[in-house]
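Here is a short note to read beside the model. Please keep the structure open as you go.

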Amino acid sequence: MSLPQDLTLLTVTEARAALDNREISASELTRAYLERIEEVEPAIHAYLHVMQDVALTQAADADRRIEEGTADLMTGIPVALKDIFCTTDAPTTAASKMLEGYISPYDATVVARLREQGAVFLGKTNTDEFAMGSSTETSAFGPSRNPWDTTRIPGGSSGGSAAAVAARTAAISLGTDTGGSIRQPAGFCGVVGLKPTYGRVSRYGIMPFASSLDQVGPFARTVNDAALMLRAIAGVDPKDSTSVPVDVPDYSAGEQDSLKGVRIGVAPEYRAEGMEAGVDAAIQSELKRLEELGAEIVEVRLPHTKYALPTYYITAPAEASANLARYDGVRFGNQVEGDDLNDTYLKTRGAGFGAEVKRRIMLGTYALSSGYYDAYYVKAQKVRTLIKRDFDEAFTSCDVIVAPTSPTVAFAIGSRTDDPYQMYLADIFTIPANMAGIPGISVPAGFSDGMPVGMQFLGKAFDETRLIGIARAYEQAAGWYQKLPDVATT
Amino acid sequence: MSLTRADVEHVASLARLGLSDDELSTFQEQLSSILGHIEALNELDTAAIAPTAQVVPLTNVVRADEVEPSFSQETVMELAPETRDGFIAVPAVMGGGEGESA
């Protein structure tokens, strides 16, 4: 292939080939991204910390490794990490004042795996505080902006990681998805976002939000790039007892050109009220395209879909209220000293957490408190069983389920911050997959109102190879991923 | 579902969150509203349904009881806001200001 003038236009798959063939060096590629960051970052604010010196050193190491012929999957590839992934050579703040300036003494397992492979770390990306939010607006350090329209949010919580890939200030990035925090911002920013099966990727060293739901995954410009990254980070980890000991296949091997014989489930419950007409039109048109590609569209029913959001807003805050108890200003993090120990806790947590984090701690504490535990927490766990059963039943008649990633396109900054429940509705179509633990991938599927529309493919647990194969066949036929935003440069 | 001011104060105290009067008022209103939406779950009869706490097909994951290298005391202590004589220091548990009673 002929190389573009601007190396940030290369996909990871293309960059891998160009690096291995010595057409470009990791140092050149890294410098191209650092320059791009300098140009567009003031308009986007995807990053909380840019790791320029670390990146250049890692790139030089990668070049030596490529020279020696010991390059691995991610050697020399410039990666951005959500700022809840612990790193020893940059702060990890979770976008919270509680952890401003905190530097972890250890790397998260996925960070260590990428480091071993010789990846280049460009920096830590913005997120909603402790991954709680749908827009990056709960970040203590200001929101990120959507590269397609900087007056709008990029989605969240992993909005910085999505915006960085869309704005080409990273070749690929990592985020976490607890209720849609990878797929939703990927859809809003017009990039690919993959949430693997719960248990597929280690969460060790990633600040926990809701431990029965959190999962790590990539943002990428193409499905193939996402598949490469999943292969690089997946696999059992003795330090995360929920990581499942199953084989890590070559996820990009499920190559298929046509969708002949593929049964695609479509559920009427994902065509809900409150959906934007433009999003609905885009999805209906892409469903036709899937049919033209040879897929068989099968109607499936997921009757408990509407209960997923209320179930989530008990389960996730309950788990969060326990997980965030560790931030008490005693062993690490920032402290506000009070009159006695209890007063120190109150002042530290009162000053350190922002409004959304406090709201969820309150909600979760209430749901777990004496007298309400059965009515809320146990009830939600029972409904979770019903949601999971819906998917088990649906997958007896289809290979994957296709649905809009979000009911709307990216909304304006500030337009939903006054009404928490309105904000929560942004994740109405992504939450059910987390409740069931199944994998999902959002792929660019057109535009509405000039903004990207995402379409998600949901698969059976640990069936990523097939899911990725089907998503890629659609992506390549539709070609929406080739459209790039025109970001204002400084 | 409507929370009283006392409910909100009680929950804040359980969660060790020092909240201002304004925050207490805002959360009283917002949490009541969110819980109102959550009440939709009561439409479902779940008497015969088993709860799902997690979805991985694993139980009781254990590792060999072997000593492995860990962080030095120094590394860990450097993270603490306040230390004294090799211990993490906190204010007095029982109140009453300064002193070695902690």
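This is a predicted model: local features need pLDDT of at least 70, side-chain atom pairs count only at pLDDT 80 or more; totals for chains, interfaces and linings use all residues.

1. Residues are numbered from 1 along each chain as its sequence is written, chains are lettered from A in the order written, and side-chain values use heavy atoms, without hydrogens or water.

2. The largest nonpolar core has 170 residues. Such a core is a set of buried Ala, Val, Leu, Ile, Met, Phe, Trp, Tyr and Cys residues joined through side-chain atoms within 4.5 Å; buried means under 20% relative accessible area (1.4 Å probe, protein chains only). A:Met74 and A:Phe457 are among the members that touch the most others. Apart from this core lies another, of 8 residues, including A:Cys189 and A:Phe219.

3. Helix 1 of chain A spans residues 12–20. Helices (H or I, at least four residues) and strands (E, at least two) are DSSP runs, numbered from the N terminus. A:Val12 and A:Arg16 are among the buried residues of helix 1, and A:Met74 touches both A:Val12 and A:Arg16. Contact here means heavy atoms within 4.5 Å. The cover over the buried residues of helix 1 includes helix 2 and strand 4 of chain A.

4. At the interface, 64 residues of chain A contact 51 of chain B. A:Lys358 forms a salt bridge with B:Glu23, with the closest N and O atoms 2.6 Å apart. The rule asks for a side-chain nitrogen of Lys or Arg within 4 Å of a carboxyl oxygen of Asp or Glu. Helix 12 of chain A gives the most to the side of chain A that touches chain B, with 11 residues.

Note on methods:
Buried means under 20% relative accessible area, exposed over 50%, partly exposed in between (1.4 Å probe, protein chains only). Lists of a residue's contacts leave out its neighbours within four places in sequence.
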